[in-house]
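Reader: I am new to reading protein models. Could you walk me through some features, one at a time?

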Amino acid sequence: MGSNFGAVLINPTNFGTGPFALIGTVTGKVLASSNNGSFGIFSDTLHTPNQVYIVNTTSPTSQSATALNIPQAVAAAFSPDGLKAFIFGNGGSSLYVYSSLQALQGPIALSGRANANTVAFSPNGAFAFVAEATANGGSANFTAFNTCNDQVSAPSVPLPADPLFMRVLPGLHLEGTDSFGNTIPDGTHVLVLDATGFDIITSTITPPAPGSSCPQTLTIISNDPTRKAQRVELGQGTLQPINFFPSADGTQLYVVAAAHASILVYDFTVGAVTSGIELQGNATPVSADISADAGTIMVAGTDGLLHEVSTGLGGSDQFQLSFPNIPDYLNPFCAITTPQNPCTLNMVVARP
């Protein structure tokens, strides 16, 4: 957890006895954590100079932090193996690449005049996928980078609306069609969600030339002759998405949106939102994440409870977990609270 005043590591197994461990002089907001939960990226955009901290928690008794001079970092992600992190600074207009094995790379100008706000990696870790929102006269777009040399791997793909979240599917076969009746080709699918629907960018990946390990080749393919990004409208009007997740078999999408007391379920075989998973107590979500097996969606609700939602058998909100109040002076993130302004959940992240 991060804040403008400090950061702590939380061990859930120690709730009730002292779960907090201070992380040195680290300040800022958490942008990303590695797949194994051992590394985290914090962005401090308040203090001068702005800094990014790479926090290493692999030691069971201590934590270490590496400070990077990256101003206004707004988004980041670790590669699947955790060896590299792509960090977007200067408000999202430039890319920095961090690795413990080499010097910090960047700033690298992005392909357009837009600002990156979400990043994800291909299943094999060879490519970083970046979605940029409209800014500075540029248009929303999708760009892929080779992680071996940090260079753009293919021309950018225009997006019809500002991206909010992005998910990568391996080479699953997606049944059904887009909103214009075009089938979805097989390949690696990247789903980019915005306020009214999502775009599907499909690519094929070929190995590098014989005798070389870099770069691999990525080719964008589409069955829509007018759009490289195949468009799917959710038909729910304008939403405020909190997050979204594919089902384990890729047949459904779960869309968690603010002010919606249910998780929307989009079915690819039907081509529409077919149902919703209701949250108990008419709570609405403020944050959400999903388990590695896609069997459980964890939702932090406006009721102050953590809802454990099963996606099996049509979905159901099975458990609602509360957290006891912690004495203010021991909790730097809930200082000087009153009964009228208690601490509330505002973020949930799931790790194996």
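Reader: Let me begin with Lys84 and Asp150: are they buried or exposed?

Author: Buried means under 20% relative accessible area, exposed means over 50%, and partly exposed is in between, using a 1.4 Å probe and protein chains only. Here Lys84 is buried, and Asp150 is buried too. Before we go on, please note that this is a predicted model, where local features need pLDDT of at least 70, side-chain atom pairs count only at pLDDT 80 or more, and totals for chains, interfaces and linings use all residues. Residues are numbered from 1 along each chain as its sequence is written, and side-chain values use heavy atoms, with hydrogens and water left out.

Reader: What do Lys84 and Asp150 form with each other?

Author: Side chains of opposite charge can pair when their charged atoms come close. The rule for a salt bridge is a side-chain nitrogen of Lys or Arg within 4 Å of a carboxyl oxygen of Asp or Glu. Lys84 and Asp150 form such a salt bridge, and their closest N and O atoms are 3.2 Å apart. Lys84 lies in strand S8 (residues 84–89) while Asp150 is in the loop between S13 and S14, so the pair ties together parts that are 66 residues apart in sequence. As for the names, helices (H or I, at least four residues) and strands (E, at least two) are DSSP runs, numbered from the N terminus.

Reader: How many salt bridges does the rule give?

Author: The count comes to five salt bridges. Asp194, Asp199, Arg231 and Glu233 are linked in a network of them.

Reader: Now to cysteines. Which of them form a disulfide?

Author: A disulfide is a covalent bond between the sulfur atoms of two cysteines. The rule used here asks for a pair of cysteine sulfur atoms within 2.5 Å. By this rule the count is one disulfide. Cys148 and Cys214 form it, with their sulfur atoms 1.9 Å apart. The pair links distant parts of the chain, 66 residues apart: Cys148 is in the loop between strand S13 (141–146) and strand S14 (157–158), and Cys214 in the loop between strand S17 (197–206) and strand S18 (217–221). The link is right-handed, with 70 degrees about the S-S bond. Cys148 is partly exposed at 39% relative accessibility, and Cys214 is partly exposed at 27%.

Reader: How do I read a sheet? In what order do S3, S4, S5 and S6 come?

Author: Strands of a sheet pair through backbone hydrogen bonds, either parallel or antiparallel. Two strands count as paired if DSSP finds at least two bridges between them. This open sheet of four strands has the order S3-S4-S5-S6, with antiparallel pairing. Its edge strands are strand S3 (29–33) and strand S6 (64–68), each pairing on one side only. Four bridges join S3 to strand S4 (residues 39–44), and Ala32 stands opposite Ile41 in S4. S3 and S4 form a hairpin with five residues between them, and Gly37 in the turn has a positive phi of about 75 degrees. Five bridges join strand S5 (residues 51–56) to S6, where the bridge partner of Asn56 is Ser64.

Reader: Where does a cis peptide bond occur beside Pro49?

Author: The bond joins Thr48 and Pro49, with omega about 0 degrees. Pro49 is found in the loop between S4 and S5. Another cis peptide bond runs from Gly106 to Pro107, with omega near 5 degrees, and Pro107 has its place in strand S10 (residues 102–109).

Reader: What is the phi of Ala259?

Author: Ala259 has a positive phi of about 70 degrees although it is not a glycine. Ala259 sits in the loop between strand S21 (252–257) and strand S22 (262–267), and is exposed, with a relative accessible area of 66%.
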